[in-house]
Amino acid sequence: MKRSITRLLMAPSVILLLVWMIVPLSMTIYFSTIRFNLLYPGQNNFVGWMNFEFFITDPGFIPAVSNTLILLLSVLIVTVVLGVALSALIDKPFFGQNIVRVLLISPFFIMPTVNALIWKNMMMNPVYGIFAWISQSLGFEPIDWLSDFPLGSVIMMVSWQWLPFAVLVFVTALQSQDTEQKEAAQMDGATGWHIFRYLTIPHLARPIAVVIMIETIFLLAVFAEIFVSTGGGPGYDSTNLAYLIYNQALLQYDVGVASAGGLFAVLLANIVAFFLIRAVGKNLTV
Amino acid sequence: MTLNQQRKLKTFITGLFSWLIALVLFFPIFWMFITSFKTELQAIAIPPTLFFEPTLDNFAVVQERSNYLHHAMNSVITSFGSTLIALIIAVPAAYSMAFFPGKKTKDILLWMLSTKMLPAVGVLVPIYILSRDFGLLDSRTGLVIIFTLMNLPIIIWMLFSYFKDLPKEILEAARMDGATPWDEIVKVVLPLSVGGIASTGLLSIVLCWNEAFWSLNLTASEAAPLTAMIASYSSPEGLFWAKLSAASTLACAPIVVFGWFCQKQLVQGLTFGAVK
């Protein structure tokens with residue numbers, strides 16, 4: 001078929017994505033170099049690096065960057081480790097396996113805003129929550145999760161949402177594992193742990209890499225859970241970059257500084273992606 | 001104990017553990033579900049009540065207070081609409097890349113995926129301002145446009161990997177019989193890949209239904225889908241957990257049930273077919 005027709009078929013997608021990428025990004029770059037506050041229209045003079053300076057010296061900046069990274073790493077570790085363990089556990093047939101699978105998968109389909117509301121109110125509320133009731137029944141003081149461990153609470157909510165995804169991917173991958181190889185290893189006297197360590201884990205290398213990649217895309221941009229549950233507080237204790245920029249742009253109306261922040265988020269995503277792809281590629285695809 | 005008995009015991013214990021963990025992880029959803037049938041007093045009772053006379057009042061109040069049906073309609077229109085449009089745009093592109101790959105096809109695919117790496121918050125301000133200037137703030141049209149573009153790369157990837165697996169001979173035979181590219185797509189490729197297109201569409205619908213960043217930032221009362229409507233229940237105007245649960249149950253039930261039926265396809269989609 002003619003080259004021109006294949007190009008024509010691709011053109012709509014390519015053009016749309018190009019516009020979707022370039023227009024907003026170049027606007028962000030432009031806004032980041034001018035004074036632009038929605039409360040003071042008409043004073044949009046060029047200010048050079050000032051917006052970046054403001055953003056980086058904002059008291060919320062360092063907490064936001066570290067919270068973003070802590071959130072990313074904690075959720076990745078929790079979901080991958082527990083995900084591998086759980087998928088190995090439910091791999092072999094047992095009574096009601098399919099129901100267990102359906103139950104395990106469900107949190108992944110709960111929308112982030114609902115997720116945050118269930119946990120914030122019905123689980124973590126220090127007076128009427130389930131956790132408070134459990135710790136009181138056991139004779140402990142109830143914990144005010146959202147004020148005492150705000151970031152930890154957010155990590156819990158987000159992990160709860162993404163653990164099912166990891167389990168589902170790993171379970172799918174385990175089904176393609178070579179059973180003859182496992183049986184041969186068993187014949188040779190390998191223990192369950194050895195089989196898990198030297199056959200199952202290497203078999204899961206690629207799925208683990210995939211899970212890390214996909215989750216990273218979504219985890220760097222966690223927003224709704226924080227918006228609904230802690231509002232970034234107390235102080236900046238659970239503010240991540242996404243929330244800090246939202247705060248600058250739509251609550252303080254400072255578009256210039258928010259744009260500088262947005263560019264910083266893009267930069268951070270690229271750095272993380274770069275290291276992640278290298279680390280994942282190095283350690284796992286052997 | 002014989003070896004057989006030992007094995008049986010092991011299976012039993014693994015099963016027990018699996019059930020325990022699954023029930024713990026499912027508990028918040030279960031609790032949300034049953035709380036939606038309680039009165040407000042039962043909802044905050046300590047110790048928590050498990051047995052009670054169920055009431056449907058909460059659901060009526062949710063509809064009345066926040067016009068559930070209006071927001072559900074927004075969710076349906078934005079997720080189905082954007083999925084349909086994205087599929088229409090993506091099918092020709094995926095078809096051309098899968099059946100007539102050029103030197104740059106791989107680069108183009110990777111570039112498309114890389115647009116997903118761009119954090120949404122980096123372009124929040126321009127998108128907000130553009131939407132405002134085009135009058136698309138708090139409109140379904142605006143949300144449909146954003147959702148379409150947001151999921152287009154994933155949809156193209158998924159369709160590409162399905163199309164690539166189709167037998168090339170059939171297409172060649174069709175071409176010999178004088179089929180135009182249009183005929184080829186409509187009469188050969190689409191019928192052969194109904195399953196793939198369906199699961200691509202499902203994944204896109206789930207992602208749109210649960211999307212919260214753009215819907216929270218770009219909509220208010222008029223175009224707010226369920227994700228944004230639910231967020232309005234976070235304001236601390238009292239403990240309305242039963243109503244909150246009813247609203248949440250209504251918002252999640254369709255997509256959770258939907259997800260149960262096509263979990264496997266959804267995962268294959270989200271991992272771009274890398275895990276089979």
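Student: Before anything else, what does "buried" mean here?
Tutor: A residue is buried if 20 or more other C-beta atoms lie within 10 Å of its own, and please keep in mind that this is a predicted model.

Student: OK, then how many buried residues does helix α8 of chain B have?
Tutor: The count is 0 among the 9 residues of that helix, which spans residues 168-176 of chain B, and the helix is hardly covered. After α8(B) comes Gly178(B), with a positive phi near 85°.

Student: And the largest nonpolar core, which residues touch the most other members there?
Tutor: That core has 157 residues, and the ones touching the most other members are Phe223(A), Ala90(B), Ala94(B) and Leu159(B). Helix α7 of chain B, residues 140-164, gives the largest share of this core, with 17 residues.

Student: What does Ala90(B) touch?
Tutor: Leaving out residues up to four places away in sequence, Ala90(B) touches Ser13(A) in the other chain, along with Leu152(B), Ile155(B), Ile156(B) and Leu159(B).

Student: Switching to the two chains, how many residues are in contact?
Tutor: On the chain B side there are 76 residues, in contact with 77 residues of chain A. Helix α1 of chain B, residues 3-35, supplies the largest share of the chain B side, 16 residues, and by class that side has 57 nonpolar, 16 polar and 3 charged residues.

Student: Where in chain A is confidence lowest, and where highest?
Tutor: The mean pLDDT of chain A is 84, with 96% of its residues at 70 or more; within the chain, confidence is lowest in helix α14 (residues 255-284), at a mean of 77, and highest in helix α3 (residues 61-89), at 92.

Key. Residues numbered from 1 in each chain as written. Chains lettered and ligands numbered in written order. Predicted model: local features only at pLDDT ≥ 70, side-chain atom pairs only at ≥ 80, totals over all residues. Core = buried A, V, L, I, M, F, W, Y, C linked by C-beta atoms within 7 Å. Buried ≥ 20, exposed ≤ 12 C-beta atoms within 10 Å, placed from the backbone. Helix = DSSP H or I, 4+ residues; strand = E, 2+ residues; numbered from the N terminus. Contact = placed C-beta atoms within 7 Å. Nonpolar A, V, L, I, M, F, W, Y, C, P; charged D, E, K, R; others polar. pLDDT = per-residue confidence, 0-100.
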